[in-house]
Amino acid sequence: MPSLSVFGAQWGDEGKGKLIDLLSRDADMVVRYQGGANAGHTVVVGTEKYVLHLIPSGILHPSKTNVIGNGVAVDPFKFLEEVDGLRKRGVHVDGTNLRLSANAHVIFEHHRLIDQLSERWRGEGRIGTTGRGIGPCYADKAARTGLRVCDLLDPDHCAVRLKAALAEKNALIERVHGAEPLGLDAQLDRYLALGTQLAPFVADTGLEVRTAYREKKRILFEGAQGAMLDIDAGTYPFVTSSNTGANGISAGAAFPPRWIDRAIGIAKAYCTRVGEGPFPTEQKNATGDKIRKLGNEYGSTTGRPRRCGWFDTVAVRYAMEVSGADGFIVTNLDVLTGFDEIQAAVRYAIDGREVRDWPAATPDFDDIVPVYASHPGWTEDITRVRRYEDLPKNARAYVEWLEREVGAPIVMLSVGPEREQVISRGM
Ligand code: IMP
């Protein structure tokens with residue numbers, strides 16, 4: 001398959017980093033197309049743990065081209081910090097294996113500031129953002145007042161645009177939020193200097209990705225966050241500000257939708273969410289605490305404890321359909337070892353009515369009561385299992401039940417954080 005989309009099929013943190021790292025072995029090019037440094041992809045290689053926020057996970061493999069597409073919101077400071085951190089650990093990173101779209105929008109200091117300040121005004125509507133400036137940056141993109149990477153490479157042009165942007169943002173920062181305004185000269189100097197450091201990486205990535213496809217190179221599109229956090233398809237307004245599934249690829253990587261050959265979702269064997277918003281199968285009880293402890297469910301970007309609950313087939317089926325996914329990968333199956341009983345939502349009861357389809361237009365999810373199916377658990381350690389037949393019978397029964405309910409094949413299972421801890425089922 002020349003092009004493959006791999007995306008989160010829940011609310012993010014599905015373990016994409018490890019899987020994308022693994023699947024990168026068979027790719028020539030790994031492409032990020034949305035999100036920004038709000039993502040946190042954890043990859044464990046031997047005793048080394050890498051947490052990548054902005055740079056595609058393919059960077060850990062020599063001889064892959066890694067692309068940050070035009071749809072990514074790029075914080076230049078975070079980008080360079082990540083490049084530096086990787087280099088210090090002996091990973092080769094330069095303009096030959098890391099390409100940054102000239103059209104990607106830039107996250108400025110004022111975006112980060114406004115992201116953090118505006119959360120305070122939202123009261124119950126608080127989103128619980130990562131505070132990385134993602135929303136305000138995409139808002140400016142849509143308002144056509146944002147600056148792109150190419151703008152940082154042209155001092156005169158950058159000065160004009162940043163001056164206009166800061167005039168408006170400083171009024172907001174000062175008069176609405178009562179905070180200190182940002183000085184234009186200092187910001188301009190800082191971002192132009194960052195632009196100079198970005199220059200070796202900057203490219204027309206859309207052209208490069210399309211050319212690679214025409215040349216029959218294998219391209220892996222790395223989704224960040226999860227489909228249920230998608231700005232259009234997710235639990236709006238408790239979402240991130242980009243299109244997180246395969247639906248984001250064509251706009252965010254300048255890649256024709258009909259050239260996406262295969263799409264694979266990733267879902268945990270249970271479910272987690274960070275930040276606010278609907279999470280029908282959340283377990284605010286000892287079960288949730290146990291999942292958090294066993295799964296070490298703390299955010300890799302913010303360190304926040306994740307909300308934990310059971311697998312939700314209603315949400316995953318919907319997420320898979322929106323992205324036209326051909327199959328999915330189930331991660332963290334080992335975390336469920338030791339539970340007497342494993343539950344998963346099969347339907348929702350809303351006002352006494354049972355539905356099997358995701359209720360997209362529901363403004364308030366408080367009235368939703370998940371209807372669960374119960375499965376007997378297993379006690380055997382499965383972290384060393386590499387062949388599907390060697391899994392305990394109850395684990396296989398759960399996996400096959402998930403496949404039937406979601407309506408798509410599970411092509412791989414992950415049973416631990418290491419690259420090798422996977423069970424392939426036709427991936
Ligand atoms: P933002 O993307 O920082 O604006 O945050 C919006 C929502 O998306 C918040 O609920 C965040 O916790 C969530 N979010 C953003 N990035 C991630 C991620 O990589 N994993 C899980 N949740 C995320």
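The legends below describe close-up views of a predicted model.

**Figure 1. The fold of the chain in the predicted model****.** The chain is built from 12 helices and 20 strands. Its radius of gyration is 21 Å, close to the 22 Å that the globule rule gives for 427 residues, so the chain is as compact as a globular protein of that length. Along the principal axes, the C-alpha atoms fill a box of roughly 65 × 50 × 40 Å.

**Figure 2. The residues around the ligand.** The shell around the ligand holds 17 residues, of which Asp 13, Asn 38, Thr 130, Thr 240 and Arg 304 come nearest. Sorted by class, this shell consists of 6 nonpolar, 9 polar and 2 charged residues.

Figure 3. Thr 130 places an N or O atom of its side chain 2.6 Å from an oxygen atom of the ligand. For Asn 38, a polar side-chain atom lies 2.8 Å from an oxygen atom of the ligand. Val 274 takes part through its backbone, with an N or O atom 3.2 Å from an oxygen atom of the ligand. On its own the ligand has 480 Å² of accessible area, and the protein covers 97% of that area.

**Figure 4. The largest cavity and its lining.** The model contains 1 cavity of 30 Å³ or more. The space in the largest cavity amounts to about 40 Å³. Its lining includes Ala 227, Met 228, Asp 230 and Ala 233. Gly 245 and Asn 247 also line the largest cavity, as do Tyr 318, Ala 319, Val 322 and Ser 323. By class, the lining residues divide into 6 nonpolar, 3 polar and 1 charged.

**Figure 5. A cis peptide bond at Pro 237****.** The bond that joins Tyr 236 and Pro 237 is a cis peptide bond, with omega at about 5°. Pro 237 belongs to the loop between β10 (219-226) and α9 (249-253).

Figure 6. Phi of Gln 225 is near 60°, which is a positive value in a residue other than glycine.

Definitions and conventions: Residues numbered from 1 in each chain as written. Predicted model: local features only at pLDDT ≥ 70, side-chain atom pairs only at ≥ 80, totals over all residues. Heavy atoms only, no water. 1 Å grid on protein atoms, 1.4 Å probe; cavity = no way out; pocket = protein on both sides within 12 Å on 5 of 7 lines; lining within 4 Å. Points joined across faces, edges and corners; volume = space filled by probe spheres on them. Nonpolar A, V, L, I, M, F, W, Y, C, P; charged D, E, K, R; others polar. Near = heavy atom within 4 Å. Polar contact = N/O pair within 3.5 Å; in protein donor to acceptor, adjacent residues only side chain to side chain. Areas by Shrake-Rupley, 256 points an atom, 1.4 Å probe, with all protein chains shown as cover. Helix = DSSP H or I, 4+ residues; strand = E, 2+ residues; numbered from the N terminus. Rg over C-alpha atoms; globule rule 2.2 N^0.38 Å.
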